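This report describes a protein chain from its fold to its pockets. Please consult the sequence and the model shown below while reading.

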Amino acid sequence: QPSAGANLGDSFVEELKAYDAEMDALITEAETAGEVLRFVGAVDPKTGTASVKLGRYAKDHPFAATQFADNIVAFDTTWYTP
């Protein structure tokens with residue numbers, strides 16, 4: 001909990017600093033392997049679940065081209081599979 005009167009967003013970002021070294025190491029490992037890190041979400045309508053995971057992707061993967069707040073959507077259905 002942020003202290004009384006503190007901005008919630010600012011407090012959240014401040015707490016993220018505790019993970020900087022871990023994220024730096026993950027980024028370095030990915031770069032060394034010629035990859036990038038991206039948060040990717042998935043929805044499974046059969047089970048009614050959703051998830052978001054941090055993954056490593058080759059630099060030529062479509063997810064690798066996204067930056068900042070870009071979004072990309074891929075559908076895998078009975079009628080369409082990329």
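Which residues does Ser11 touch, not counting residues up to four places away in sequence? Ser11 touches Pro2 and Ala6, where contact means heavy atoms within 4.5 Å. The model is a predicted one, in which local features need pLDDT of at least 70, side-chain atom pairs count only at pLDDT 80 or more, and totals for chains, interfaces and linings use all residues. Residues are numbered from 1 along each chain as its sequence is written, and side-chain values use heavy atoms, with hydrogens and water left out.

**Overall form**

The protein chain contains 2 helices and 2 strands, and its elements run α-α-β-β from the N terminus on. Helices (H or I, at least four residues) and strands (E, at least two) are DSSP runs, numbered from the N terminus. The radius of gyration of the protein chain is 17 Å, whereas a compact globule of 82 residues would have one near 12 Å; the value is taken over C-alpha atoms, and the globule rule is 2.2 Å times the number of residues to the power 0.38. Along the principal axes, the C-alpha atoms fill a box of roughly 55 × 35 × 20 Å.

Buried residues make up 12% of the 82 residues. Buried means under 20% relative accessible area, exposed over 50%, and partly exposed in between (1.4 Å probe, protein chains only). Of the contacts with a separation of 6 or more, 20% are accounted for by residues 24 or more positions apart.

**Selected residues**

Ser11 is found in helix α1, which spans residues 8–16, and its relative accessible area of 19% is why Ser11 counts as buried. Glu14 has its place in helix α1 as well, but Glu14 is partly exposed because its relative accessible area is 45%. Glu14 and Ala42 are 28 residues apart in sequence, and their C-alpha atoms are 28 Å apart in space.

Leu37 lies in strand β1 (residues 35–44) and is buried, because its relative accessible area is 15%. Leaving out residues up to four places away in sequence, Leu37 touches Met23, Leu26, Ile27, Ala30, Leu54, Gly55 and Arg56.

**Nonpolar core**

The largest nonpolar core has 5 residues, namely Val36, Val40, Tyr57, Phe63 and Ala64. Such a core is a set of buried Ala, Val, Leu, Ile, Met, Phe, Trp, Tyr and Cys residues joined through side-chain atoms within 4.5 Å. Apart from its neighbours within four places in sequence, Val40 is in contact with Ser51, Val52, Lys53, Tyr57 and Phe63.

**Pockets**

A pocket is an open set of points on a 1 Å grid over the protein atoms alone, where a 1.4 Å probe fits, with protein on both sides within 12 Å along at least five of seven lines; lining residues have an atom within 4 Å of a point. A volume is the space filled by probe spheres set on the points.

| Pocket | Volume | Lining by class |
|---|---|---|
| Largest pocket | about 360 Å³ | 7 nonpolar, 4 polar and 2 charged residues |
| Second largest pocket | about 210 Å³ | 6 nonpolar, 2 polar and 1 charged residues |

Ala, Val, Leu, Ile, Met, Phe, Trp, Tyr, Cys and Pro count as nonpolar, Asp, Glu, Lys and Arg as charged, and the others, Gly among them, as polar. Of the 13 residues lining the largest pocket, Phe39, Val40, Thr66, Asp70 and Ile72 lie nearest its centre. The second largest pocket is lined by residues including Gly41, Ala42, Pro45 and Phe75.
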